[in-house]
Amino acid sequence: MLALDFAFFTPDVISGYIVKGFIFSLQLTLVAMIGGIVLGTLLALMRLSGKTWLVMPAAAYVNTMRSVPLVMVILWFFLLIPLVIGRPLGAETSALITFTLFEAAYYSEIMRAGIQSVSRGQVAAGYALGMTYRQTMGLIVLPQAFRNMLPVLLTQTIILFQDTSLVYAIGAYDLLKGFEIAGKNFNRPVETYLVAAVLYFIISFSLSMLVRKLQQRIAIVR
Amino acid sequence: MIEIKNISKWYGAFRVLTDCTTQVEKGEVIVVCGPSGSGKSTLIKCVNGLEAFQQGDIFVNGTSVGDPKTNLPKLRSHVGMVFQHFELFPHMTITENLSIAQVKVLGRSRDEANERGMKLLDRVGLKQHAHKHPGQLSGGQQQRVAIARALSMDPICMLFDEPTSALDPEMVNEVLDVMVQLAQEGMTMMVVTHEMGFARKVSNRVIFMDQGSIVEDATKEDFFGKPRSERAQQFLSKILSH
Amino acid sequence: MSTWDWQVFCKETTSGDVAPSCFGSGGDITYLDWLLSAWGWTLSVSVLALLVALLLGSLMGILRTTPHRGLVLLGNAWTELFRNIPLLVQIFLWYHVVPALIPPLRGVPSFILVVMGLGLFTSARISEQVRAGIQSLAGGQRMAGLAMGFTLPQTYRHVLLPMAYRIIIPPLTSESMNIIKNSSVAFAVSISELTLFALQAQEETSRGIEVYLAVSGLYFISAFAINRAALFIENRVRVPGMIGGGGH
């Protein structure tokens with residue numbers, strides 16, 4: 001049995017190694033969530049538009065993203081973005097772009113279900129009041145869809161937060177990387193991975209408890 | 001046969017049964033009625049221990065239901081039960097529905113179980129449907145199969161929990177006919193139902209429940225002739241008015 | 001962007017020569033050989049992890065629907081634990097931490113550790129599906145089983161589980177497809193599966209696009225095959241008279 005020693009986790013070590021990675025993980029989660037929901041909503045509207053030239057590319061995009069492992073998507077973008085823009089790009093920036101575009105595919109499936117959960121009568125009512133498509137969607141359908149799907153969107157965001165650890169594949173400096181480097185420098189990999197696991201667990205678990213609370217509140221309001 | 005002694009039951013702080021006492025003698029047919037939420041379904045499920053109770057005890061053929069040492073599966077295998085929503089096993093054919101518990105619980109051979117099952121299926125007039133799955137039968141047919149399934153265990157008594165209330169009106173009689181026949185053959189039966197025609201025809205006693213209590217426990221002549229409690233009178237006038 | 005060069009797969013990995021048959025000979029292997037063996041590792045990890053996940057996930061899901069508080073708590077704790085830690089972190093725990101804390105596990109090959117890591121991670125998700133499947137059956141089925149004199153285990157075996165599993169075939173299918181995709185994290189502990197092949201072959205050959213396309217294609221084919229297999233099973237076990245069933 002190995003004696004565990006957490007004494008090296010001083011405030012200096014935490015601020016030196018962990019905080020930087022934590023900030024990037026949060027940044028990545030928030031950017032990909034907001035960007036992903038916006039793009040995902042557009043993709044969902046395209047898929048529900050009934051116009052083949054919009055449905056086809058949106059469906060192809062979503063299905064492609066969903067059929068490839070996220071790690072491979074991360075590698076693909078890290079390879080392709082420099083080819084497209086003609087200059088190398090940092091792992092962190094590449095990760096921000098990748099996660100936004102990747103999560104858009106998953107959020108779009110949620111928003112599509114959300115839009116379909118709003119009754120057709122609501123659309124008819126919007127048009128009957130003389131609203132345009134844009135107004136009907138923006139003022140009537142999307143707010144309801146968003147509210148109905150809020151718990152699912154947040155659950156997806158918790159998964160997204162956990163998935164940010166996969167930027168390991170391209171060496172971006174995230175929360176997990178911070179722990180890994182600290183572990184290597186102090187030769188304490190066992191302790192650092194344990195603490196990393198506990199921290200990820202606490203964050204994900206408390207967020208999912210909050211989502212569950214929210215779900216009950218929404219269920220009551222209905 | 002069935003002795004219910006001072007049964008009380010709570011869901012958390014909410015009291016669903018209050019001090020219920022009654023008994024069913026061998027060969028008797030007892031009808032339990034009352035408004036919805038009166039606790040009659042809960043009471044009948046206490047008889048074979050499907051619902052736990054906190055006070056009192058129930059004896060089936062002398063065996064205590066409340067005693068933790070009682071082998072409940074064994075007790076239940078002697079007590080037939082028919083549910084409101086039939087509860088046939090949807091993934092099995094009718095034949096399998098009738099034989100599975102005979103084989104797995106009573107230890108009968110498959111041939112013996114199938115033979116007994118077919119005999120009972122014939123008796124409820126559904127022999128030609130033996131190979132089908134429950135989803136391919138009408139509600140009335142499913143409930144008749146459910147009665148045959150319960151009978152296949154050779155029960156010493158039968159419990160019916162609103163057996164006709166989930167059925168379309170035109171299917172009610174085919175199920176009641178089977179139950180009447182069963183009663184006339186001397187089966188001990190406890191039946192939760194609103195079918196007052198059935199109660200008049202074959203029951204020995206009628207129990208009226210309201211808000212978790214047994215309000216009236218009388219012979220059918222007394223119950224229909226001169227119900228004592230006001231609530232039973234109101235209930236009867238509502239249910240018999242049309 | 002330069003033109004395609006698919007011949008890269010026929011090159012031998014050490015000499016860099018193009019093998020005429022596209023398969024290696026005389027001790028050397030081509031990138032195609034390597035790719036196919038990597039595919040084999042991906043499939044092995046996925047299938048074994050799926051077995052672990054189905055076994056433990058079913059057990060935990062069932063525990064969560066029993067009337068025993070302690071068992072429910074155990075199932076819930078298991079599910080929350082393995083659901084709320086990122087898969088990659090769990091893989092590192094299995095690889096770096098578990099052998100250090102439990103010395104007898106020190107000699108265990110990393111392949112087995114990854115199978116356990118991926119299997120337990122997925123078991124939490126399968127436990128959710130199994131629990132939902134059992135709870136979607138009306139409580140009446142449980143009572144009907146018990147009323148026939150079945151014991152609780154018999155009620156699960158003959159009444160509840162056969163229907164619950166039929167109901168959850170679609171979500172189990174997507175979990176099985178996910179496990180193929182998730183097996184890609186095994187690259188992080190040097191399992192020679194598809195993603196590690198992609199990283200290393202890209203580095204060695206500088207033909208990243210061809211390499212990534214081949215790897216992505218194999219992931220797609222693997223997931224698609226699982227999807228077809230699941231559809232086949234779903235049709236085989238369909239119950240006549242149920243929604244979507246065969247009728248008379």
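1. Chain A has eight helices and zero strands. Both are DSSP runs numbered from the N terminus: helices are H or I of at least four residues, strands are E of at least two. Along the sequence the pattern reads α-α-α-α-α-α-α-α.

2. The model is predicted: local features need pLDDT of at least 70, side-chain atom pairs count only at pLDDT 80 or more, and totals for chains, interfaces and linings use all residues. Residues are numbered from 1 along each chain as its sequence is written, chains are lettered from A and ligands numbered from 1 in the order in which they are written, and side-chain values use heavy atoms, leaving out hydrogens and water.

3. The C-alpha atoms of chain A fill a box of roughly 70 × 50 × 25 Å along the principal axes. Of its 222 residues, 48% are buried (under 20% relative accessible area, 1.4 Å probe, protein chains only). Take contacts (heavy atoms within 4.5 Å) between residues at least 6 apart in sequence: in chain A, 77% of them join residues at least 24 apart.

4. Chain A meets chain C through 32 residues from chain A and 32 residues from chain C. Together they bury about 3,000 Å², with 77% of it on carbon and sulfur atoms. Buried area is the accessible area (1.4 Å probe) that two parts lose on being put together, summed over both.

5. The A–C interface has one salt bridge (a side-chain nitrogen of Lys or Arg within 4 Å of a carboxyl oxygen of Asp or Glu). A:Arg212 and C:Glu80 form it, at 3.0 Å, N to O. On the chain A side, α2 (52-67), α3 (70-85) and α8 (189-221) each supply at least two residues. α8(A) gives the most, with 11 residues. By class, that side has 25 nonpolar, five polar and two charged residues. Nonpolar means Ala, Val, Leu, Ile, Met, Phe, Trp, Tyr, Cys and Pro; charged means Asp, Glu, Lys and Arg; the others, Gly among them, are polar.

6. Chain C also touches chain B. Here 23 residues of chain C contact 26 residues of chain B. The buried area is about 2,200 Å², and carbon and sulfur atoms give 69% of it. C:Met143, C:Ala147 and C:Met148 supply 29% of what chain C buries against chain B, more than any other three residues.

7. Between chain C and chain B there are zero salt bridges. α5 (139-147) and α6 (152-167) of chain C each bring at least two residues to this side. α5(C) gives the most, with seven residues. The chain C side holds 12 nonpolar, 10 polar and one charged residues.

Note on methods:
Buried means under 20% relative accessible area, exposed over 50%, partly exposed in between (1.4 Å probe, protein chains only).
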